[in-house]
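Dear colleague,

Please read them beside the model itself.

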Amino acid sequence: MFTFNSGAGKTAPNAGAVSRSPIKRRFTAGVFAMRYRTDYSAARLSAAPQVLELGSWRLHYQAYATHSHDRRAPVLLLGGAFQSFRSFANEVSELLTEHPVILLDLPSQGGNPQLAAELGLEQLADLIAAFAAELQLPPLMPIGLSYGSALAALFAARHPRHCARLLLAGISAFGRPGARLLLEESLALLAEGRSDAFAQGALTGLLNPLRLHETGVAPVFRKALLRQMQRLTPSEVERYRQNSQRLLDFPGFAGHPACPTLVLAGEYDHFTQPWEHAHFAAACADATCAVIHNADHLAQFERRTACAALYHPFLRGETLPPRSAGATRLARHQLLNLEKRHEARLTPSNRRARLRHSDAGEWSVEIAELGFFGGLLHGALPSQLPVRGWHLLNGELPAQPILPLRHSGSGLAFVFPHSDAQASSALAAQFSAQSLPAVACA
């Protein structure tokens, strides 16, 4: 994907494969190019970043250490959607006691406004390697969170000589049909200008409403995140669209990381579920997977102490403790055997319902299973169903928007997009009154 200019040390996009020719840099061989700041404070994370130009691409970064030419392996922080450098104030403070820390926003990521629709996940991962080569960094220790976990994992798999250790949270191969359907729905809602519906659905995916008591997410945080997603600028909407489309276009991992890898899964994470984390760890050559209790998709922020008790020794290269408060480490034989059903499914007291489409009509159905995130219907439905525009009507609840997932015979599996705040709250109230099982690995 990149060819390196002989004199400038810059890279240019190329439609072909990664260039295998020797990298030529502007720096004298053997001279350490990265200059770290040594005056870190949380306030500095809001300051203008440094910018590295690689061909036509602009990479935003901040780099901190205890001395300006620190040659130790740096931790590289790669965040998820709706995260900026400011999101990592606590992590940077903790990590700096033992490691140099680099925060990186690739084009269209975090606070980097540059659009990059032509770049896939693999090409963005290659940009991380180009960044490391240009600044002559020692092998990195990426921490990838949510969307950033895909980039970190691809970087480690495609450029093993640049990666010493890898820590992931919120990782999956993005192949679960329900997750893909919800991501497609979020893009459709944004295209229609329905920012409130988009924000409501996205918030429900990130913060499991049925587990707020366990995860301890404060109402003020949920409201702030909801407002942030409701008020995305046109540029932010386009970046979200590009990033989401990359996930949908991603064909899956052709190879997996070979370096030591630690995978952290939130116990109640519905967006990237524990079994998906475990399957990814099983495919890696040297991976440990741990379930963080009483956490969902934002485990590293909701349960900082439990996560830090694992990632601090991991980044130091130490053997992980056999037991850790707030977490369960999975044995290798468990990784491919976790229960995939992530929520309770109930049989409602009134199973009779109607399935209505805004254009196609209305059908009588029977609710066989009902969960907060989806369910199963039976009825004499047409063989070809529209993807969007459906509502489930049951006397016990407000009309619920649904998305058909699988249609086989008389059965229709579906997911709730949770795009209607009132309907979603009513559904959550019904399930909060039920006794919810713990996930299989807890």
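**Two helix pairs**

H4 passes H8 in a left-handed crossing. Please bear in mind throughout that this is a predicted model. Helix H4 covers residues 177-191 and helix H8 covers residues 234-249, and the two pack with their axes 10 Å apart at an angle of about 155°. Since angles over 145 degrees count as roughly antiparallel, H4 and H8 are therefore roughly antiparallel to each other. On the H4 side the contact is made by Arg180, Leu183, Glu184, Ser186, Leu187 and Leu190, which meet Val237, Tyr240, Arg241, Ser244, Gln245, Leu247 and Leu248 in H8. Sorted by class, the residues of this contact between H4 and H8 comprise seven nonpolar, three polar and three charged.

The other pair consists of helix H2 (residues 121-134) and helix H3 (residues 147-158), whose axes come within 8 Å and cross at roughly 65°. H2 and H3 are therefore roughly perpendicular to each other, and their crossing is right-handed. From H2, the residues Leu121, Glu122, Leu124, Ala125, Asp126, Ile128 and Ala129 meet Tyr147, Ala150, Leu151, Leu154, Phe155 and Arg158 in H3. This contact of H2 with H3 has 10 nonpolar and three charged residues, with no polar ones.

In short, the H4 and H8 pair is roughly antiparallel, whereas the H2 and H3 pair is roughly perpendicular.

Conventions: Residues numbered from 1 in each chain as written. Predicted model: local features only at pLDDT ≥ 70, side-chain atom pairs only at ≥ 80, totals over all residues. Heavy atoms only, no water. Axes fitted to C-alpha atoms, helices over the stretch in contact; angles between N-to-C directions. Helix = DSSP H or I, 4+ residues; strand = E, 2+ residues; numbered from the N terminus. Parallel < 35°, antiparallel > 145°, perpendicular 65-115°, else oblique. Left-handed = near helix turned anticlockwise from the far one by under 90°. Contact = heavy atoms within 4.5 Å. Nonpolar A, V, L, I, M, F, W, Y, C, P; charged D, E, K, R; others polar.
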